[in-house]
Amino acid sequence: MLPSFAEIRDAAARIAPHARVTPAMRSELIDARVGAAVWFKCENLQRGGAFKFRGATNAVWSLTDEEAARGVVTHSSGNHGNALAMAARTRGIAAHVVVPEGAVKAKVDAIIAAGATIHRCAATTQAREAKAAEIMAATGANLVHPYADARVMAGQGTLVPELLQQAPGIDTILFPVGGGGLAAGCSIAAHGIDPAIALFGAEPEGADDAARSLEADARVGPFTPSTICDGLRTLIGEPNFHALRDHQVRVLRVSDDDVVAAMRLMWTELRVIVEPSSATTLAAMLRYPAHFSGRNVGAVITGGNVDLDALPW
(Lines give C-alpha, C1' and ligand atoms only; values in the text may rest on other atoms or scores of the structure.)
Protein backbone atom coordinates (compact mmCIF):
# COMPACT_ATOMS: atom_id res chain seq x y z
CA MET A 1 0.00 0.00 0.00
CA LEU A 2 3.06 2.27 -0.03
CA PRO A 3 4.87 3.29 -3.22
CA SER A 4 8.49 2.40 -3.87
CA PHE A 5 11.11 4.96 -4.79
CA ALA A 6 11.05 3.50 -8.32
CA GLU A 7 7.30 4.18 -8.49
CA ILE A 8 7.91 7.79 -7.48
CA ARG A 9 10.40 8.14 -10.33
CA ASP A 10 7.83 6.62 -12.69
CA ALA A 11 5.22 9.07 -11.39
CA ALA A 12 7.53 12.00 -12.13
CA ALA A 13 7.73 10.95 -15.77
CA ARG A 14 3.97 10.30 -15.93
CA ILE A 15 2.93 13.71 -14.61
CA ALA A 16 5.63 15.75 -16.38
CA PRO A 17 3.38 16.72 -19.34
CA HIS A 18 0.77 18.12 -16.94
CA ALA A 19 2.31 19.35 -13.66
CA ARG A 20 4.48 22.41 -13.10
CA VAL A 21 8.00 22.40 -11.74
CA THR A 22 7.40 24.81 -8.86
CA PRO A 23 10.07 27.23 -7.62
CA ALA A 24 12.04 27.07 -4.37
CA MET A 25 12.00 30.52 -2.75
CA ARG A 26 14.23 32.12 -0.13
CA SER A 27 13.93 34.97 2.38
CA GLU A 28 16.95 36.44 4.18
CA LEU A 29 14.72 37.68 6.99
CA ILE A 30 13.15 34.26 7.52
CA ASP A 31 16.58 32.62 7.42
CA ALA A 32 17.71 34.99 10.17
CA ARG A 33 14.58 34.37 12.25
CA VAL A 34 14.93 30.58 11.98
CA GLY A 35 18.72 30.46 12.18
CA ALA A 36 18.86 28.19 9.13
CA ALA A 37 19.01 28.33 5.34
CA VAL A 38 15.44 27.66 4.22
CA TRP A 39 14.15 26.86 0.75
CA PHE A 40 10.36 27.02 0.48
CA LYS A 41 9.06 24.60 -2.17
CA CYS A 42 6.14 26.61 -3.55
CA GLU A 43 3.43 24.09 -4.33
CA ASN A 44 0.95 26.93 -3.86
CA LEU A 45 2.06 27.79 -7.42
CA GLN A 46 1.25 24.29 -8.68
CA ARG A 47 -1.75 23.85 -10.99
CA GLY A 48 -4.86 24.09 -8.85
CA GLY A 49 -2.93 26.01 -6.21
CA ALA A 50 -1.71 22.95 -4.27
CA PHE A 51 0.62 19.94 -4.35
CA LYS A 52 -2.43 17.69 -4.68
CA PHE A 53 -2.39 17.98 -8.47
CA ARG A 54 0.72 15.77 -8.56
CA GLY A 55 -0.88 12.78 -6.85
CA ALA A 56 -4.24 13.14 -8.56
CA THR A 57 -2.63 13.31 -11.99
CA ASN A 58 -0.48 10.26 -11.35
CA ALA A 59 -3.56 8.31 -10.23
CA VAL A 60 -5.70 9.38 -13.21
CA TRP A 61 -3.03 8.59 -15.79
CA SER A 62 -2.25 5.24 -14.12
CA LEU A 63 -5.74 3.98 -15.00
CA THR A 64 -6.33 1.70 -17.96
CA ASP A 65 -8.60 3.05 -20.70
CA GLU A 66 -11.38 0.75 -19.49
CA GLU A 67 -11.02 1.99 -15.90
CA ALA A 68 -10.78 5.63 -16.96
CA ALA A 69 -14.02 5.39 -18.94
CA ARG A 70 -15.92 4.83 -15.67
CA GLY A 71 -14.56 8.04 -14.16
CA VAL A 72 -13.11 8.72 -10.71
CA VAL A 73 -14.46 9.53 -7.27
CA THR A 74 -12.93 10.88 -4.08
CA HIS A 75 -13.81 12.62 -0.83
CA SER A 76 -12.06 15.88 -0.03
CA SER A 77 -12.32 19.11 1.95
CA GLY A 78 -11.06 20.98 -1.09
CA ASN A 79 -7.58 20.76 -2.60
CA HIS A 80 -7.55 17.06 -3.50
CA GLY A 81 -11.06 17.30 -4.94
CA ASN A 82 -10.05 20.23 -7.11
CA ALA A 83 -6.87 18.44 -8.17
CA LEU A 84 -8.72 15.26 -9.11
CA ALA A 85 -11.29 17.23 -11.09
CA MET A 86 -8.50 19.01 -12.99
CA ALA A 87 -6.59 15.77 -13.57
CA ALA A 88 -9.75 14.04 -14.81
CA ARG A 89 -10.28 16.89 -17.24
CA THR A 90 -6.79 16.33 -18.72
CA ARG A 91 -7.97 12.82 -19.63
CA GLY A 92 -11.54 13.75 -20.54
CA ILE A 93 -13.23 11.63 -17.87
CA ALA A 94 -15.88 12.23 -15.21
CA ALA A 95 -15.00 13.17 -11.64
CA HIS A 96 -17.20 12.91 -8.54
CA VAL A 97 -16.11 14.68 -5.34
CA VAL A 98 -17.67 14.12 -1.91
CA VAL A 99 -17.31 17.37 0.06
CA PRO A 100 -17.92 17.55 3.83
CA GLU A 101 -20.01 20.34 5.29
CA GLY A 102 -17.91 23.29 6.44
CA ALA A 103 -15.36 23.09 3.61
CA VAL A 104 -13.78 26.40 2.56
CA LYS A 105 -16.05 28.07 -0.01
CA ALA A 106 -13.17 29.08 -2.29
CA LYS A 107 -12.04 25.46 -2.49
CA VAL A 108 -15.54 24.14 -3.21
CA ASP A 109 -16.01 26.79 -5.91
CA ALA A 110 -12.75 25.64 -7.51
CA ILE A 111 -13.92 22.00 -7.58
CA ILE A 112 -17.14 23.04 -9.32
CA ALA A 113 -15.25 25.26 -11.78
CA ALA A 114 -12.97 22.32 -12.66
CA GLY A 115 -16.03 20.37 -13.81
CA ALA A 116 -16.58 17.81 -11.06
CA THR A 117 -19.94 16.69 -9.73
CA ILE A 118 -20.24 17.67 -6.06
CA HIS A 119 -21.82 15.41 -3.42
CA ARG A 120 -22.28 16.79 0.10
CA CYS A 121 -21.94 14.84 3.35
CA ALA A 122 -21.45 15.31 7.08
CA ALA A 123 -18.03 16.41 8.29
CA THR A 124 -16.83 13.00 9.48
CA THR A 125 -14.46 10.48 7.94
CA GLN A 126 -17.15 7.80 8.15
CA ALA A 127 -19.68 9.95 6.28
CA ARG A 128 -17.16 10.82 3.57
CA GLU A 129 -16.22 7.19 2.98
CA ALA A 130 -19.83 6.00 3.00
CA LYS A 131 -20.91 8.56 0.40
CA ALA A 132 -17.91 7.74 -1.82
CA ALA A 133 -18.77 4.02 -1.62
CA GLU A 134 -22.36 4.82 -2.59
CA ILE A 135 -21.18 6.71 -5.69
CA MET A 136 -18.77 3.93 -6.65
CA ALA A 137 -21.60 1.40 -6.48
CA ALA A 138 -23.89 3.57 -8.59
CA THR A 139 -21.40 4.65 -11.28
CA GLY A 140 -18.50 2.19 -11.27
CA ALA A 141 -16.12 5.12 -10.74
CA ASN A 142 -12.61 4.38 -9.49
CA LEU A 143 -11.77 5.57 -5.98
CA VAL A 144 -8.76 7.86 -5.77
CA HIS A 145 -8.28 8.17 -2.04
CA PRO A 146 -6.89 11.58 -1.01
CA TYR A 147 -3.94 10.17 0.95
CA ALA A 148 -4.05 6.36 1.47
CA ASP A 149 -3.53 5.54 -2.22
CA ALA A 150 -0.05 4.47 -3.35
CA ARG A 151 -0.51 6.24 -6.69
CA VAL A 152 -1.37 9.48 -4.90
CA MET A 153 1.55 9.16 -2.48
CA ALA A 154 3.94 8.51 -5.36
CA GLY A 155 2.74 11.62 -7.15
CA GLN A 156 3.13 13.79 -4.07
CA GLY A 157 6.67 12.48 -3.55
CA THR A 158 7.75 13.82 -6.95
CA LEU A 159 8.27 17.28 -5.48
CA VAL A 160 11.29 16.04 -3.49
CA PRO A 161 13.63 15.24 -6.42
CA GLU A 162 12.74 18.63 -7.88
CA LEU A 163 13.56 20.36 -4.59
CA LEU A 164 16.88 18.57 -4.17
CA GLN A 165 17.87 19.53 -7.71
CA GLN A 166 17.00 23.15 -6.98
CA ALA A 167 18.88 23.14 -3.64
CA PRO A 168 21.40 20.24 -3.61
CA GLY A 169 22.67 21.00 -0.10
CA ILE A 170 19.40 20.33 1.71
CA ASP A 171 19.82 18.05 4.73
CA THR A 172 16.37 18.50 6.32
CA ILE A 173 12.87 18.37 4.83
CA LEU A 174 9.77 19.64 6.61
CA PHE A 175 6.16 19.17 5.52
CA PRO A 176 2.64 19.58 6.97
CA VAL A 177 0.89 16.38 8.08
CA GLY A 178 -2.81 15.75 7.59
CA GLY A 179 -3.89 12.43 6.09
CA GLY A 180 -0.25 11.77 5.35
CA GLY A 181 -0.15 11.37 1.56
CA LEU A 182 2.40 14.14 1.15
CA ALA A 183 4.35 13.11 4.24
CA ALA A 184 4.60 9.48 3.13
CA GLY A 185 5.53 10.28 -0.46
CA CYS A 186 8.13 12.86 0.55
CA SER A 187 9.66 10.55 3.17
CA ILE A 188 10.06 7.67 0.72
CA ALA A 189 11.44 9.95 -1.97
CA ALA A 190 13.87 11.76 0.34
CA HIS A 191 15.35 8.60 1.80
CA GLY A 192 15.41 6.97 -1.64
CA ILE A 193 17.84 9.73 -2.62
CA ASP A 194 19.69 10.26 0.66
CA PRO A 195 18.92 8.19 3.78
CA ALA A 196 20.69 10.78 5.95
CA ILE A 197 18.11 13.52 5.30
CA ALA A 198 16.28 14.48 8.52
CA LEU A 199 12.50 14.49 8.18
CA PHE A 200 10.03 16.58 10.17
CA GLY A 201 6.28 16.97 10.03
CA ALA A 202 4.27 19.96 11.26
CA GLU A 203 0.81 19.47 12.71
CA PRO A 204 -1.71 21.74 14.46
CA GLU A 205 -2.31 21.09 18.14
CA GLY A 206 -6.03 20.77 17.44
CA ALA A 207 -5.46 17.92 14.98
CA ASP A 208 -2.37 16.19 16.35
CA ASP A 209 -3.33 12.59 15.67
CA ALA A 210 -0.10 11.85 13.75
CA ALA A 211 2.06 13.07 16.64
CA ARG A 212 0.00 11.08 19.15
CA SER A 213 0.09 8.00 16.93
CA LEU A 214 3.88 8.10 16.66
CA GLU A 215 4.19 8.62 20.42
CA ALA A 216 1.93 5.61 21.06
CA ASP A 217 3.55 3.55 18.29
CA ALA A 218 0.03 2.81 17.04
CA ARG A 219 -2.46 4.75 14.94
CA VAL A 220 -4.98 6.55 17.12
CA GLY A 221 -8.71 6.35 16.51
CA PRO A 222 -11.16 8.97 15.17
CA PHE A 223 -11.01 12.45 16.69
CA THR A 224 -12.77 15.80 16.39
CA PRO A 225 -10.34 18.36 14.94
CA SER A 226 -10.24 21.96 16.11
CA THR A 227 -7.93 24.10 13.98
CA ILE A 228 -7.96 26.77 11.27
CA CYS A 229 -5.78 24.44 9.17
CA ASP A 230 -8.68 22.98 7.18
CA GLY A 231 -6.37 20.84 5.03
CA LEU A 232 -4.97 19.04 8.09
CA ARG A 233 -8.17 18.01 9.86
CA THR A 234 -8.04 14.45 8.53
CA LEU A 235 -7.04 11.36 10.51
CA ILE A 236 -3.70 10.04 9.30
CA GLY A 237 -4.09 6.99 7.08
CA GLU A 238 -2.92 3.54 8.13
CA PRO A 239 -0.20 3.11 5.49
CA ASN A 240 0.80 6.73 5.92
CA PHE A 241 1.38 6.23 9.63
CA HIS A 242 3.64 3.28 8.90
CA ALA A 243 5.63 5.35 6.39
CA LEU A 244 6.21 8.10 8.95
CA ARG A 245 7.22 5.60 11.60
CA ASP A 246 9.52 3.64 9.28
CA HIS A 247 11.26 6.79 8.08
CA GLN A 248 11.58 8.22 11.60
CA VAL A 249 9.64 11.39 10.88
CA ARG A 250 9.39 13.64 13.92
CA VAL A 251 6.07 15.51 14.03
CA LEU A 252 6.07 18.92 15.74
CA ARG A 253 2.89 20.49 17.13
CA VAL A 254 2.03 24.16 16.53
CA SER A 255 -0.84 26.32 17.76
CA ASP A 256 -3.27 28.19 15.53
CA ASP A 257 -1.74 31.43 16.83
CA ASP A 258 1.66 30.17 15.67
CA VAL A 259 0.15 29.40 12.28
CA VAL A 260 -1.43 32.82 11.83
CA ALA A 261 1.83 34.59 12.73
CA ALA A 262 3.80 32.39 10.33
CA MET A 263 1.20 32.83 7.59
CA ARG A 264 1.44 36.62 7.84
CA LEU A 265 5.23 36.47 7.74
CA MET A 266 5.20 34.28 4.63
CA TRP A 267 2.73 36.56 2.86
CA THR A 268 4.83 39.63 3.58
CA GLU A 269 8.31 38.17 3.05
CA LEU A 270 7.77 35.68 0.21
CA ARG A 271 5.07 37.78 -1.47
CA VAL A 272 2.95 34.71 -2.17
CA ILE A 273 -0.51 33.60 -1.03
CA VAL A 274 -0.20 30.81 1.55
CA GLU A 275 -3.05 28.96 3.25
CA PRO A 276 -2.99 28.13 6.98
CA SER A 277 -2.03 24.46 6.53
CA SER A 278 1.09 25.51 4.62
CA ALA A 279 2.19 27.94 7.32
CA THR A 280 2.59 25.10 9.84
CA THR A 281 6.09 24.45 8.50
CA LEU A 282 7.40 27.94 9.24
CA ALA A 283 5.46 27.94 12.52
CA ALA A 284 7.31 24.76 13.53
CA MET A 285 10.70 26.21 12.62
CA LEU A 286 10.02 29.33 14.66
CA ARG A 287 8.66 27.40 17.66
CA TYR A 288 11.38 24.72 17.70
CA PRO A 289 14.51 26.47 16.38
CA ALA A 290 16.91 24.00 18.01
CA HIS A 291 15.84 21.33 15.51
CA PHE A 292 16.74 23.48 12.52
CA SER A 293 19.53 25.82 13.61
CA GLY A 294 22.45 25.76 11.19
CA ARG A 295 20.76 23.31 8.83
CA ASN A 296 19.73 23.54 5.17
CA VAL A 297 15.97 23.09 5.24
CA GLY A 298 13.48 22.37 2.48
CA ALA A 299 10.01 23.40 3.67
CA VAL A 300 6.95 22.52 1.60
CA ILE A 301 4.33 25.21 1.02
CA THR A 302 1.45 22.88 0.31
CA GLY A 303 -1.13 25.31 -1.06
CA GLY A 304 -2.47 28.81 -1.43
CA ASN A 305 -6.22 28.30 -1.71
CA VAL A 306 -7.71 30.67 0.82
CA ASP A 307 -10.97 32.55 1.01
CA LEU A 308 -9.78 36.14 0.72
CA ASP A 309 -13.01 37.31 2.35
CA ALA A 310 -12.35 35.21 5.46
CA LEU A 311 -8.66 35.56 6.31
CA PRO A 312 -7.68 34.68 9.90
CA TRP A 313 -6.57 38.25 10.70
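1. A salt bridge here is a side-chain nitrogen of Lys or Arg within 4 Å of a carboxyl oxygen of Asp or Glu. By that rule, Arg245 and Asp217 pair through their side chains, at 3.1 Å from N to O. The pair links distant parts of the chain: Arg245 sits in helix α12 (residues 238–246), Asp217 in the loop between α11 and α12, 28 residues apart. Helices (H or I, at least four residues) and strands (E, at least two) are DSSP runs, numbered from the N terminus.

2. The model is predicted: local features need pLDDT of at least 70, side-chain atom pairs count only at pLDDT 80 or more, and totals for chains, interfaces and linings use all residues. Residues are numbered from 1 along each chain as its sequence is written, and side-chain values use heavy atoms, with hydrogens and water left out.

3. Arg245 is partly exposed, at 31% relative accessible area. Asp217 is also partly exposed, at 47%. The cut-offs: buried is under 20% relative accessible area, exposed over 50%, partly exposed in between (1.4 Å probe, protein chains only).

4. Arg253 forms a salt bridge with Asp208, 2.8 Å from N to O. Arg253 lies in strand β9 (residues 250–254) and Asp208 in the loop between β8 (198–204) and α11 (209–216), so the bridge ties together parts 45 residues apart in sequence. Asp208 is buried, at 13% relative accessibility. Arg253 is partly exposed, at 21%.

5. Arg253 also bridges to Glu215, with the closest N and O atoms 2.9 Å apart. This pair joins helix α11, which holds Glu215, to strand β9, 38 residues apart. Glu215 is exposed, at 57% relative accessible area.

6. The structure holds 18 salt bridges. Lys41, Glu43, Arg54 and Glu162 are linked in a network of them.
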